[in-house]
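Let us walk through this structure step by step. Keep the sequence and the 3D view side by side as you read.

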Amino acid sequence: MPETAQLRLALITLLALLTGASGAFADEETYLMPAAFVAGAFAGSPPDPQVVWLVGDLGEQAADILGHAPNNLRERYWLRNGRSVWILEEVGKEHPFTVGWVIEDQKVIDTKVLVYRETRGWEVRYPFFTRQFEGAGLTAEKQLDSRIDGISGATLSVRAMRRMAELALLLNGQISRKHAAN
Amino acid sequence: MRRTSRRKTTLLRRSHYWIGLGLALPLVMLALTGILLNHTDDLALAQRHSSQNWLLQVYGVQPVAPETGFRMNGLWLSHARSHLWLNDQILGESANPPTGVALLDGLIVIAQPDHLRLFTLEGAQVERIDLPARITPLGSIASSEGKLLARGKGAMLITDSNFLQWSNFSGPWPGANQPQALPLTLQQQIAEQLAANTLTWEKIILDTHSGRIFGPWGPWVLDFVAAITIILAITGCLLWLRRKR
């Protein structure tokens, strides 16, 4: 085979490998099963799930936070001794990714990216980023009261994480009031 | 000696001018597409689609439509190109085709191998529910007396009306909704919608910038343009130096 043809073949192979690799990144990646996250938040024995409907005033507040209508008309949560767990999904750029949130005393105490489906921005799964949410609460304007530093190249996923944190805190406030009233 | 040098300078200048003229168009194209790519998020280019016939032909996008679907009270649910379709409207993303569908208390329940998705009849998603491990991968679902039955891995489970608790079910399996041939008019409508929602402007601009839109040789041609641009920069510097002398 002439040298130029060999070079061309090598380049095409390299290109095909790179294309294949980028395609692989586009696939869904599960870092932790949602059920395992919920179980972990309650020392292995989670309570029965409950649901909250995002309709009426709560639906409007959720839409204000998300910048679009809520993805689900109702969200499932697990609650025991003032600790609630939420599994939320939000689109960063093109595909929704799944994040678990643990909330206690109106503050985020733990968060983990569970399933990631975007091609870029997966750095939001790393603890150096997720740790920033620990201790975050909601202001009267329904915004996070803690500063969350962004990640270059993951701007949309970072924004989606902020929106999910605000939504989880909003929903937690709602169910806390409901359960206190009962 | 001076005459030879002047001739060289003239040759260099002419080459520089003509090469520059030849590169003007591809460089403008690269610059414009580069600017657009820097602002894909702001311009929401990944969310905007092109339905231009000639572009679809360039990409070889063929009309594809699902041939079968699940029928429920006059509604059709089908799956094509990683999306669930309710009649001719996209219901949501889904990598896998549904394994079963049931209509329950005004909700459409769509079964996937490891989860359920609930939708209103208007197409709004109510919830996505992960299934208990003892019935995944899920075989099929059915409804019985307002409750959902799920079958998989040899086990049958029944859920409460809120889909919160699952318990074993030992009664007779009522039979599941089976896929049927999708009406041809609906197939055509979905094919048209698919064609109109396949190509994003982000992909078109990215492929124009890289040259891939021009075929297999496109990237090589743009590599050549890039190499010539480097030469142009060098000849430009040489001309500047010679003029200074």
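This is a predicted model. Begin where the chains meet. Here 12 residues of chain B are in contact with 14 residues of chain A. On the chain B side, strand E9, residues 125-130, gives the most, with five residues. What kinds of residues make up this side of chain B? Four are nonpolar, three are polar and five are charged.

Now step back along chain B to Glu122(B). This residue is found in the loop between strand E8 (115-120) and E9 of chain B. Is Glu122(B) buried or exposed? Glu122(B) counts as exposed because it has 7 C-beta neighbours inside 10 Å, and the cut-off for exposed is 12 or fewer. Glu122(B) and Ile108(B) are 14 residues apart along the chain, and their C-alpha atoms are separated by 9.7 Å.

Next, look inside. In soluble globular proteins, nonpolar side chains tend to be buried together. The largest nonpolar core here has 38 residues. Trp86(A), Leu88(A), Val99(A) and Trp101(A) are among those with the most contacts inside this core. Which elements of chain A give two or more residues to the core? They are helices H2 (34-41), H3 (56-66) and H5 (155-181), together with strands E3 (74-80), E4 (83-91), E5 (96-104) and E6 (107-116). H5(A) supplies the largest share, nine residues.

Zoom in on Trp86(A). Leaving aside neighbours within four places in sequence, Trp86(A) is in contact with Glu75(A), Tyr77(A), Trp101(A), Ala168(A) and Leu171(A). Finally, a second, separate core has 30 residues, including Leu86(B), Leu131(B), Leu138(B) and Leu149(B).

Definitions and conventions. Residues numbered from 1 in each chain as written. Chains lettered and ligands numbered in written order. Predicted model: local features only at pLDDT ≥ 70, side-chain atom pairs only at ≥ 80, totals over all residues. Core = buried A, V, L, I, M, F, W, Y, C linked by C-beta atoms within 7 Å. Buried ≥ 20, exposed ≤ 12 C-beta atoms within 10 Å, placed from the backbone. Helix = DSSP H or I, 4+ residues; strand = E, 2+ residues; numbered from the N terminus. Contact = placed C-beta atoms within 7 Å. Nonpolar A, V, L, I, M, F, W, Y, C, P; charged D, E, K, R; others polar.
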